Amino acid sequence: MTEEFSWTGKSVLVTGGAGFIGSHLVELLVAAGARVTVLDTLASGRRDNLVSVSDSITLTQQDIRRVAWTQHLSTHPADVIFHLAANAYVPPSVAFPSFDFETNCVATFRLLEALRTMQWPGRLVFASSAAVYGNAVRAPIREDDPTVPISPYGAGKLAAERYLAIYGALYGLEVASVRFFSAYGPRQRKQVVFDLLSKLRDNRRSLVIHGDGTQVRDFLYVKDAALSAMTVAARAPMSGEAYNVGAGREYTIDILAKSLCEQLGVSPEIRYTGVNRPGDPEKLVVDITRLKSLGYQPRFDFEEGLATVVEWFRETTGASWE
Ligand SMILES: NC(=O)c1ccc[n+]([C@@H]2O[C@H](COP(=O)([O-])OP(=O)(O)OC[C@H]3O[C@@H](n4cnc5c(N)ncnc54)[C@H](O)[C@@H]3O)[C@@H](O)[C@H]2O)c1
């Protein structure tokens with residue numbers, strides 16, 4: 001692309017837009033001047049995640065497994081689609097693999113089929129995951145490293161990515177995948193930052209950490225995750241390629257726990273279980289050179305991001321460490 005892409009007046013569909021990453025993406029798109037439609041079942045997403053933009057967007061409560069896409073897109077035309085609606089976590093995919101397959105893989109395929117038959121001229125960004133790599137062969141992980149998923153979730157994301165690439169190559173659709181690593185931020189009601197805060201709310205004097213605290217992760221602030229997806233939609237070649245999305249920085253779980261304790265003003269006795277949770281790799285870090293080649297740099301500092309989560313957690317749960 002030669003001209004700088006502008007979001008002003010663009011029609012954008014965000015599936016899963018009431019969820020954790022989706023709701024931040026919707027807010028940023030609205031702020032950038034886009035006209036946004038959200039399609040979400042509100043299964044794990046919430047209407048109140050979108051409260052700040054509720055007057056500016058259209059929210060349709062529908063299931064991606066059953067949407068009549070051709071009809072939907074003719075009544076709600078979209079220049080850009082961010083496809084985030086999914087079963088977003090590994091454990092449900094292990095317990096209910098067919099539910100995960102239908103939601104993450106088949107529904108994405110059906111969307112692609114509709115776009116192919118409509119000869120849709122827009123751009124589609126698909127939310128994939130670090131889970132496509134399985135047990136990473138090296139750190140940091142690069143996009144051309146082997147993809148050997150070890151969960152139905154990872155397999156479904158990888159299959160969907162591959163369909164995207166094939167539909168790009170064979171039918172000329174403009175498509176790309178973003179492989180999110182560990183995003184964190186306000187509105188996330190799962191995963192390590194939320195779990196640590198919940199434990200410290202219940203007991204500020206002692207904290208149990210899985211493993212030995214040396215596990216290394218890349219923590220990406222949710223707004224950076226959303227801005228990365230916007231950068232890909234605006235600047236990428238969109239020929240079916242995938243982008244790692246992370247902060248490109250390494251933190252141990254110990255550093256995370258200690259930063260949180262400092263922000264809360266608590267000093268619990270920390271105990272380690274000594275054993276990682278099943279499927280939790282020791283090191284999960286990411287090379288974001290490809291994303292940076294589009295001109296993207298993560299903007300949010302780790303401590304600054306944690307402070308916003310702490311504030312959100314206090315407000316929504318009423319927790320207090322005074
Ligand atoms: N959060 C992360 O760190 C992370 C990491 C890797 C990949 N991802 C991917 O990013 C995307 C967003 O994840 P998230 O963390 O915001 O999760 P989330 O659960 O908060 O968001 C998913 C949204 O999709 C909606 N949804 C679920 N099933 C649906 C269906 N059948 N039809 C319509 N809507 C449906 C949910 O209600 C929710 O609003 C997902 O595709 C997820 O797999 C997230």
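Author: The domain assignment divides the protein into domain 1 (11-183 + 219-245) and domain 2 (185-218 + 249-317); such bounds come from an automatic or database domain assignment. Residues are numbered from 1 along each chain as its sequence is written. The model is predicted, and local features need pLDDT of at least 70, side-chain atom pairs count only at pLDDT 80 or more, while totals for chains, interfaces and linings use all residues.

Taken over C-alpha atoms, the centres of domain 1 and domain 2 are 24 Å apart. Where they meet, 31 residues of domain 1 are in contact with 25 residues of domain 2. Two residues are in contact if their C-beta atoms, placed from the backbone, lie within 7 Å. On the side of domain 1 that touches domain 2, two or more residues come from each of H1, E7, strand E10 (219-221), helix H7 (222-235) and strand E11 (239-245). Helices (H or I, at least four residues) and strands (E, at least two) are DSSP runs, numbered from the N terminus. H7 gives the largest share of this side of domain 1, with 8 residues. By class, the side of domain 1 that touches domain 2 has 18 nonpolar, 8 polar and 5 charged residues. Ala, Val, Leu, Ile, Met, Phe, Trp, Tyr, Cys and Pro count as nonpolar, Asp, Glu, Lys and Arg as charged, and the others, Gly among them, as polar.

H1 and H7, both on that list, also pack against each other: their axes come within 9 Å and cross at roughly 65°. Axes are lines fitted to C-alpha atoms, for helices over the stretch in contact, and angles run from 0 to 180 degrees between N-to-C directions. The crossing of H1 and H7 is right-handed. A crossing is left-handed if the near helix is turned anticlockwise from the far one by less than a right angle, and right-handed if clockwise. From H1, Phe-20, Ile-21, His-24, Leu-25 and Leu-28 meet residues of H7, including Val-222, Ala-226 and Met-230. The contact of H1 with H7 holds 10 nonpolar, 1 polar and 1 charged residues.

H1 (20-31) has a place around the ligand too, where H1, strand E5 (123-129) and strand E7 (182-184) each supply at least two residues of the shell. H1 gives the most, with 3 residues. Of the 25 residues around the ligand, Gly-16, Gly-19, Gly-45, Ala-86 and Ala-88 come nearest; a residue is near a molecule or strand if its C-beta atom, placed from the backbone, lies within 6 Å of it. The shell around the ligand is made up of 13 nonpolar, 9 polar and 3 charged residues.

Pro-140 is found in the loop between E5 and helix H5 (152-171), and the peptide bond from Ala-139 to Pro-140 is cis, with omega near -5°. Arg-187 lies in the loop between E7 and helix H6 (191-202); its phi is near 80°, a positive value in a residue other than glycine.

H6 packs against H8 at an angle of about 50°, with their axes 11 Å apart. H6 and H8 are therefore oblique to each other: angles under 35 degrees count as roughly parallel, over 145 as roughly antiparallel, 65 to 115 as roughly perpendicular and the rest as oblique. Their crossing is right-handed. Among the residues that meet here are Val-192, Leu-196 and Leu-200 in H6 and Ile-253, Leu-260 and Leu-264 in H8. The contact of H6 with H8 has 10 nonpolar, no polar and no charged residues.

Leu-260 and Leu-264 of H8 also belong to the group that meets H10, together with Ser-259 and Gln-263. On the H10 side of this contact are Glu-303, Leu-306, Ala-307 and Val-310. By class, the contact of H8 with H10 has 5 nonpolar, 2 polar and 1 charged residues.
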